[in-house]
Amino acid sequence: MAPLNSILDKYSLAAGDFVIERVGSGHIHQTYKLTGKHSYILQRVNKNVFRDPELIAANLREASNYLKVHFPTYRFLTCIQSLSGQEMEYDVEGYPWRLFPYIENTMTIDRVSTPEEAWQAAAEFARLTRYLDKAEVNNFQPTIQRFHDLTLRKEQFELALSDAGDRVLEAADSIRQCQAAYPLADQYERLVAGGSLPRRVVHNDTKINNVLFDRITGRTVAVIDLDTLMPGYFIYDLGDMVRTFVCPVSEEEKDLSLIVFRRNIYEALLEGYLSEMGPVMTIAERKAIPFAGKMMTYIMALRFLADYLRGNTYYHITYPEQNLVRAANQLKLLDVLSANLPEH
Ligand code: GN1
Ligand code: MG
């Protein structure tokens, strides 16, 4: 807790004034809730993943300034500045930390239970993209290079595979399935290299647990986890929603028979998304809607499997096979989505 105390000093807060607990189900950062007279969320940024954390702060300033002018009532959740006016403060080990206000009477969910939740959350993520539709995309910088570039992720998977030793034996089925899905990577390449999808400022991490809901009304309050708010394509956001909303179980589920397509949730998600984004989407974007969920599910299968093959260096795990379980889960989901979302 020593680094935590030294960070709190920089905000003129004292650890003794709070009950501090680790929260959240993210795979990358460490997140703490500080409960006190005023409550906060304090987060240690993973500097191995975000090599230049200042880019996050720069993007958020850019978005925040734009939104304040053009959509002044929009609730855009940025962090609290430290006493010296910084968005991030560094501990002695060089880790960046940031502090957010805790918004009372809100909650996150790890699973969509009703079409209404899917509609609301999708509309909330889509609203952010629409509000940034006319912002200058080139003023935003990638906080992780080629983050959702399927071509790169396929190459990284192949590299991990070439150097995986015995791990390929346990992972043989998943490896085969990833290779069998290579045509999706070709399809991505054609879609993106063809230049038919406009580059937009997108959230890039639209999992269901990155939306705050009001505990009482059940309505959405805001989106959170804005580290990857950066240039990309709408398929990244829509796709990650399909990946995490439509299936009744999470990516951690080992019982693959529970992975099914909930059509009513998919339809509500799409309707909520289009309620905001519909008017600004191009024809090419509309045509790519069925591809989005498959692409993002596949990219996660490749990323989880590559991480397993290289010895679990990226995602936080609690047991050795976890990334392999996640990959098998996502590959089953990919099958289910492919069966339910034909493209022609
Ligand atoms: C990571 O840390 P978290 O859970 O917000 C990952 C996302 C994945 C997600 C899978 C920076 O997000 O891309 O979709 O795990 N974020 C990064 O659960 O790699
Ligand atoms: Mg995230």
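Predicted model: local features only at pLDDT ≥ 70, side-chain atom pairs only at ≥ 80, totals over all residues.
Which residue forms a salt bridge with R98?

1. Residues are numbered from 1 along each chain as its sequence is written, chains are lettered from A and ligands numbered from 1 in the order in which they are written, and side-chain values use heavy atoms, with hydrogens and water left out.

2. The domains. The protein chain is assigned domain 1 (2–51 + 77–102) and domain 2 (115–340), with bounds from an automatic or database domain assignment. Their C-alpha centres are 27 Å apart.

3. Where the domains meet. On the domain 1 side 9 residues are in contact with 18 residues of domain 2, contact meaning heavy atoms within 4.5 Å. About 1000 Å² is buried between the two, 55% of it from carbon and sulfur atoms; buried area is the accessible area (1.4 Å probe) that two parts lose on being put together, summed over both. H27, F50 and L77 lose the most area on the domain 1 side, together 58% of what that side buries.

4. The opening question. The partner of R98 is D227, and the closest N and O atoms of this salt bridge are 2.8 Å apart. A salt bridge here is a side-chain nitrogen of Lys or Arg within 4 Å of a carboxyl oxygen of Asp or Glu. Between domain 1 and domain 2 the count is 1 salt bridge.

5. The ligand's place. Both domain 1 and domain 2 give residues to the shell around ligand 1, so the ligand lies between them. Of the 16 residues around ligand 1, those that come nearest are H27, K207, E251, R303 and Y314; a residue counts as near if one of its heavy atoms lies within 4 Å.

6. Oxygen atoms of the ligand. One distance to look at is 2.5 Å, from an oxygen atom of ligand 1 to an N or O atom in the side chain of E251. For the side chain of D225, the corresponding distance is 3.1 Å. With H27, a polar backbone atom is 2.9 Å from an oxygen atom of ligand 1.

Definitions and conventions:
Polar contact = N/O pair within 3.5 Å; in protein donor to acceptor, adjacent residues only side chain to side chain.
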